[in-house]
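Hi,

Here's the structure I promised to pass on.

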Amino acid sequence: MHDEGGNGDGGGVGAGVPTGGMDQAFLALERELTVLLRRARAKSGEMARAVHPDLESAAYGLLARLDEAGRLRATELAAYIGVGKATMSRQLRALEHLGLIAREPDPADGRAWLVHLTEEGRARFRAVRDARRVAYVRQLAGWDRDEVAQLARLLHQLNRGVEG
């Protein structure tokens, strides 16, 4: 068996990790995801401040999920975003204080609460989201529509894998 780029012992960089061929593809993926995520964090902060000057950047994703899903329990939001109950409670209190979300008793379980966007929260979020989509269209204007669809499909596939 031939070790592509390894040190001759078949071990590669780490136990069972090859150093050539496919490994270069994963190194390139890591590099590009790092750049994408760094830029996304910065952009998320800008978008959050556009919704409300006092909004934390992490809360923008909560608004996006609530706009998409409607009324949700805090535990559902926490699981979707990947944060703990305490973090979610703090973020929801801040959003409620800013008038962007409201809580109501869950009719299926009187002990639980459902969270939803207020009309103001929905209007502010959608205005920022729509402006972001215009920027995406402009940025990807040279791309074939099938390439955009493929990128969306692949990112969805990646995100589904991250959930598990």
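Searching the whole structure, which is a predicted model, turns up 15 salt bridges. Here are some of them, pair by pair.

Take E68 and R65 to begin with: their closest N and O atoms are 3.0 Å apart, and the two form a salt bridge. Both sit in helix α2 (residues 59-69), and because they are three residues apart there, about one helical turn separates them. Their surroundings are worth a look too. E68 is exposed, at 60% relative accessible area, while R65 has 19% relative accessibility and counts as buried. That call rests on the cut-off, since buried means under 20%.

Next, E104 and R71 meet through their side chains in a salt bridge, 2.8 Å from N to O. E104 belongs to strand β2 (residues 101-106) and R71 to the loop between α2 and β1, so this pair ties together parts that lie 33 residues apart in sequence. E104 is partly exposed at 22% relative accessibility, and R71 is partly exposed as well, at 46%.

Then there's R73 with D106, a salt bridge whose closest N and O atoms are 2.8 Å apart. R73 is in strand β1 and D106 in strand β2, so parts 33 residues apart in sequence are tied together by this pair. D106 is buried, with a relative accessible area of 8%, whereas R73 counts as partly exposed at 27%.

Finally, have a look at the network: salt bridges link D67, E119, R122, R126, R129 and D130.

Cheers

Technical notes:
Residues are numbered from 1 along each chain as its sequence is written. This is a predicted model: local features need pLDDT of at least 70, side-chain atom pairs count only at pLDDT 80 or more; totals for chains, interfaces and linings use all residues. Side-chain values use heavy atoms; hydrogens and water are left out. A salt bridge is a side-chain nitrogen of Lys or Arg within 4 Å of a carboxyl oxygen of Asp or Glu. Helices (H or I, at least four residues) and strands (E, at least two) are DSSP runs, numbered from the N terminus. Buried means under 20% relative accessible area, exposed over 50%, partly exposed in between (1.4 Å probe, protein chains only).
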